[in-house]
Amino acid sequence: MSTYDLVVIGSGPAGYVCAIRAAQLGMKVAVVEKRATYGGTCLNIGCIPSKALLYASEMFEEAGHGLEKLGVKVGAPKLDLKGMMAHKDATVESNVNGVAFLFKKNKIDGIQGTGRVVSAGKVEVTPEKGDAQVLETKNIVIATGSDSARLPGIEIDEKRVVTSTGALELGKVPGKLLVIGAGVIGLELGSVWARLGAQVTVVEFLDRILPGMDGEVAKQFQRMLKKQGFTFKLGSKVTGVDASGKGALKVSVEPAKGGDAETLEADIVLVAIGRVAYTEGLGLAEAGVKLDERGRVEIDGHYKTNVDGIYAVGDVVKGPMLAHKGEDEGMAVAEIIAGQAGHVNYDAIPGVVYTAPEVASVGKTEEELKDAGIAYNVGKFPFSANGRARAMNRTEGFVKILADKTTDRVLGAHIIGPVAGELIAELTVLIEFGGSSEDLARTCHAHPTLSEAIREAALAVEKRAIHM
């Protein structure tokens, strides 16, 4: 029986970061991973491969429609889907190998197999072949992540009716792609295949896209996606998918509030209605670990479950299912176990939609501030008035900053536009340090840059933007 200070179940961003930080703090650490490679959903079948395809498809679109506007004439681009998928696979391989290297560098034992909590202090690992082994440990961190949510009555084969996993492995561009769910995953993967030639229809139960994002940003973004060829059926639900024939799939769609159903045809149906915590087969009930009403592991303010010595972080606990949120929790819980004061500021967790243009957000939305009765000022600045954006022919979108009306402290920020996912970092740092719009407005920004739009939005909070 091997003995450790910490055993982490799951090697996704939450798990592997937790393990590395714990090793840095002097602990003897093991990580249990059921996949053949490390990195969890994010590196293997999620964040990393999807971004590889998003970027590659953007380059395809740019070559076909954007370069001529910049005075660069090329012939019509030809899609090499096999080559594009090879780029994606190489990107994944490089990243997962990187995690394996970091485990070796930090003297972390990586153990392949399915982990199960036997009790506080004991984790059983069952490999695909061979006998199970029991790891003895002072502490256990559950970091098993999440899985794609399923729609009752709709069978997923990952060939024609797919989750995000199957959508990253399609062998050809579908003529018609129907996406169930207008959240981040559905819109990102829909945009990949739309750029490569698919007709994309998005069916969403709510009457808006991107639930939880700022309403004004979501409306503007929907208009942009429509220009890109997306068709939206909002306030609608999919009640069935008939895959019995050899031809197109028959998808039954009806109004969410009830009414006459219609049948839509699709070559591929992508089910992207969210994700659910992965706790199956972990032995949590037997070990006495409590789950909440949504199947997530219940934790206190220090990531501890109701059982001493057992902790949980990442997608398997409450909060936004974001890799970087899991990473921060992984570092925090490692520090807490080591007797330090690990902490995560949940008011400064950015979220990004990696479409074109990108959408990024941090802190509160207008809707949240109104619901909380907090008075606020708004500063907005369009990229159409930014010199660098004009030079790049990337003028869609705007920056929006929300600041407390009394204190001027920035409470939220929202960007739709070029490289919004990179630009949001400046505003995340500002919120982390409790900064005001005045602090940002008085900070010199290089010219000409896209980041000047952020400064202008901060100036606009007090109605003193210069270039608008």
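**Reading helices, cavities and backbone in a predicted model**

Student: Lys463 is found in the segment after H14. What is phi of Lys463?

Tutor: The model is predicted, and the angle is computed from it. Phi of Lys463 is near 55°, a positive value in a residue that is not glycine.

Student: Is Lys463 buried or exposed?

Tutor: A residue counts as exposed over 50% relative accessible area. Lys463 reaches 76%, so it counts as exposed.

Student: How many residues of H14 are buried?

Tutor: Helix H14 (residues 452-461) is mostly covered, with nine of its 10 residues buried. Among them are Ile454, Ala457, Leu459 and Val461. The buried residues of H14 pack against strands S20 (376-382), S21 (398-404) and S22 (410-417), and against helices H12 (420-432) and H13 (437-441).

Student: Where is Phe433, in relation to H12 and H13?

Tutor: Phe433 is in the loop that joins H12 and H13. Its relative accessibility is 71%, so Phe433 counts as exposed.

Student: Which peptide bond that ends at Pro448 is cis?

Tutor: The bond from His447 to Pro448 is cis, with omega near -5°. Pro448 belongs to the loop between H13 and H14. The bond from Ala356 to Pro357 is also cis, with omega near 0°. Pro357 lies in the loop between strand S18 (351-353) and S19.

Student: Which residues does Val359 touch, not counting those up to four places away in sequence?

Tutor: Val359 belongs to strand S19 (residues 358-363). With a relative accessible area of 0%, Val359 is buried. Beyond its sequence neighbours up to four places away, Val359 touches Met213, Val217, Phe221, Gly351, Val352, Val353, Ile415, Ile416 and Ala420.

Student: How is the packing of two helices described?

Tutor: Two packed helices are described by the angle between their axes and the distance between those axes. In this model, the axes of helix H3 (residues 47-66) and helix H6 (residues 184-195) come within 9 Å and cross at roughly 35°. The H3 and H6 crossing is left-handed. The contact is made by Ser50, Lys51, Leu53, Leu54, Ser57, Glu58, Phe60 and Glu61 of H3, together with Glu188, Leu189, Ser191, Val192 and Arg195 of H6. By class, the residues of this contact are five nonpolar, three polar and five charged.

Student: At what angle do the axes of H3 and helix H4 cross?

Tutor: The axes of H3 and helix H4 (residues 81-105) cross at roughly 140° and come within 9 Å. This crossing of H3 and H4 is right-handed. From H3, Ile48, Pro49, Ala52, Leu53, Ala56 and Ser57 meet Met84, Met85, His87, Lys88, Thr91, Val92 and Asn95 of H4. The residues of the contact of H3 with H4 comprise eight nonpolar, four polar and one charged.

Student: What does rolling a probe over the atoms show?

Tutor: Rolling a probe the size of a water molecule over the atoms shows where empty space is left. In this structure, the second largest pocket holds about 1,000 Å³ of space. Of the 32 residues that line this pocket, Glu58, Glu62, Ala356, Pro357 and Arg394 are the closest to its centre. H3 supplies the largest share of that lining, nine residues. The lining of the second largest pocket divides into 12 nonpolar, nine polar and 11 charged residues.

Student: How many cavities of 30 Å³ or more does the structure hold?

Tutor: The structure holds one such cavity. About 40 Å³ of space lies in the largest cavity. Ser148, Thr163, Ser164, Ile185, Val271, Ala272, Ile273, Gly274 and Arg275 form its lining. By class, that lining has four nonpolar, four polar and one charged residues.

Note on methods
Residues numbered from 1 in each chain as written. Predicted model: local features only at pLDDT ≥ 70, side-chain atom pairs only at ≥ 80, totals over all residues. Heavy atoms only, no water. Axes fitted to C-alpha atoms, helices over the stretch in contact; angles between N-to-C directions. Helix = DSSP H or I, 4+ residues; strand = E, 2+ residues; numbered from the N terminus. Left-handed = near helix turned anticlockwise from the far one by under 90°. Contact = heavy atoms within 4.5 Å. Nonpolar A, V, L, I, M, F, W, Y, C, P; charged D, E, K, R; others polar. Buried < 20%, exposed > 50% of the residue type's maximum accessible area, 1.4 Å probe, protein only. 1 Å grid on protein atoms, 1.4 Å probe; cavity = no way out; pocket = protein on both sides within 12 Å on 5 of 7 lines; lining within 4 Å. Points joined across faces, edges and corners; volume = space filled by probe spheres on them.
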